[in-house]
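Hi there,

Here is the structure I promised to pass on. Please have it open while you read, and my notes follow below it.

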Amino acid sequence: MSSLPRSIQDLENSHPTPRVPMVIRRLFKSPRNLDFESAMWDMVNLIVKPRKAFRASYYRRQIKHRLSRDDPSFFILQIFLLSLSSTFWSLEYGHSFTEFLKIMINMIFIDFFLFGFVMATLFWIILNRPNLKFRSSQDSKVEWAYCFDVHCDAFLIIWVLLYFLQFLLLPLINLHRWISLFIGNTLYCVAIGYYFVLTFYGYSQMTFLKNVNFILLPSLLSAIVYVVSLFGIDLSNSLNFYKYI
């Protein structure tokens, strides 16, 4: 008698993997198959209760026998929010359709996709090293798709702080150079630091991984950079996407 699958990895290996991922196939199906309500609830929890959100998401995906998302609703909402932000930022800093396209390309294709591809690939390579897995789980693998999901979850805080809140605070930022320095540096350092905190929460839910605390090191570094930057280094002016227009 064959033994039952003992883990989510066993369950995934017991079924043939389709050539086209489920999350991609569902993009071309009826919107009735998409769960935007759960996606919006995930977004709220990621901001308010991130640890709880990752834990609930992890258990929910285990029930479906997969770690990576099979519903593109969260991804679609993120692209919508980024497109909306690029529209408002272009009204503030752009005066032509070409400038609007440049802002949208910087936000969506560079900040979100390119940065996400690099981070997902980097963590996929690092976390699949044997020394970061328990001895009993050496055959378990971290999916690249799950790594990109973690990036999508963590990137939400970057959208909230840098694309939404920063836009609302523009009247204050333009009042005085030191106010601009303080608010801009605070937003950027908190966004980068919190991105890696959320990334840590995402990977710490994977029970076969160990010693993942190193993911929090960039958060510590961003705190140090923040203190140093208050002495006159304008991070927002150096990192803002609209300076490439």
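Let me start with Pro218, which lies in helix 10; helices here are DSSP runs of H or I with at least four residues, strands are runs of E with at least two, and both are numbered from the N terminus. Pro218 is partly exposed, with a relative accessible area of 26%. On that scale, buried means under 20% relative accessible area, exposed means over 50%, and partly exposed is in between, using a 1.4 Å probe and protein chains only. Pro218 and Tyr194 are 24 residues apart in sequence, and their C-alpha atoms are 9.5 Å apart in space.

Before going further, please keep in mind that this is a predicted model, in which local features need pLDDT of at least 70 and side-chain atom pairs count only at pLDDT 80 or more, while totals for chains, interfaces and linings use all residues. Residues are numbered from 1 along each chain as its sequence is written, and side-chain values use heavy atoms, with hydrogens and water left out.

**Helix 9 and helix 10**

Helix 10 covers residues 217-229 and packs with helix 9 at an angle of about 170°, with the axes 8 Å apart. The axes are lines fitted to C-alpha atoms over the stretch in contact, and angles run from 0 to 180 degrees between N-to-C directions. The two helices, helix 9 and helix 10, are therefore roughly antiparallel to each other; by the cut-offs, angles under 35 degrees count as roughly parallel, over 145 as roughly antiparallel, 65 to 115 as roughly perpendicular and the rest as oblique.

From helix 9, the contact uses Leu181, Phe182, Asn185, Thr186, Cys189, Ile192, Gly193, Phe196 and Val197, and from helix 10 it uses Pro218, Ser219, Ser222, Tyr226 and Ser229. Contact means heavy atoms within 4.5 Å. By class, this contact has eight nonpolar, six polar and no charged residues. Here Ala, Val, Leu, Ile, Met, Phe, Trp, Tyr, Cys and Pro count as nonpolar, Asp, Glu, Lys and Arg as charged, and the others, Gly among them, as polar.

Ser222 is also found in helix 10, and Ser222 is buried, with a relative accessible area of 9%. Leaving out residues up to four places away in sequence, Ser222 touches Cys189, Ile192 and Gly193.

In the loop between helix 9 and helix 10 you will find Asn211. Asn211 has a positive phi of about 55° although it is not a glycine, and Asn211 is exposed, with a relative accessible area of 55%.

**The nonpolar core**

The largest nonpolar core has 54 residues, and those touching the most other members are Leu127, Val142, Tyr163, Tyr203, Met206 and Leu209. Such a core is a set of buried Ala, Val, Leu, Ile, Met, Phe, Trp, Tyr and Cys residues joined through side-chain atoms within 4.5 Å. At least two residues of this core come from each of helix 3 (36-48), helix 4 (50-63), helix 5 (73-93), helix 6 (97-127), helix 7 (144-168), helix 8 (170-173) and helix 9 (177-204). Helix 7 gives the most, with 15 residues.

Val142 lies in the loop between helix 6 and helix 7 and counts as buried at 2% relative accessibility. Apart from residues up to four places away in sequence, Val142 touches Trp124, Leu127, Asn128, Cys147, Tyr203, Met206, Phe208 and Leu209. Asn128 is 14 residues from Val142 in sequence, and 6.1 Å from it in space, C-alpha to C-alpha.

**Another loop, and the whole chain**

Pro72 sits in the loop between helix 4 and helix 5 and, at 1% relative accessibility, counts as buried. The C-alpha atoms of Pro72 and Asp35 are separated by 8.5 Å, with the two residues 37 apart along the chain.

Overall, the chain has 11 helices and zero strands. Of its 245 residues, 42% are buried. Among contacts in the chain with a separation of 6 or more, 77% are between residues 24 or more positions apart.

Best wishes
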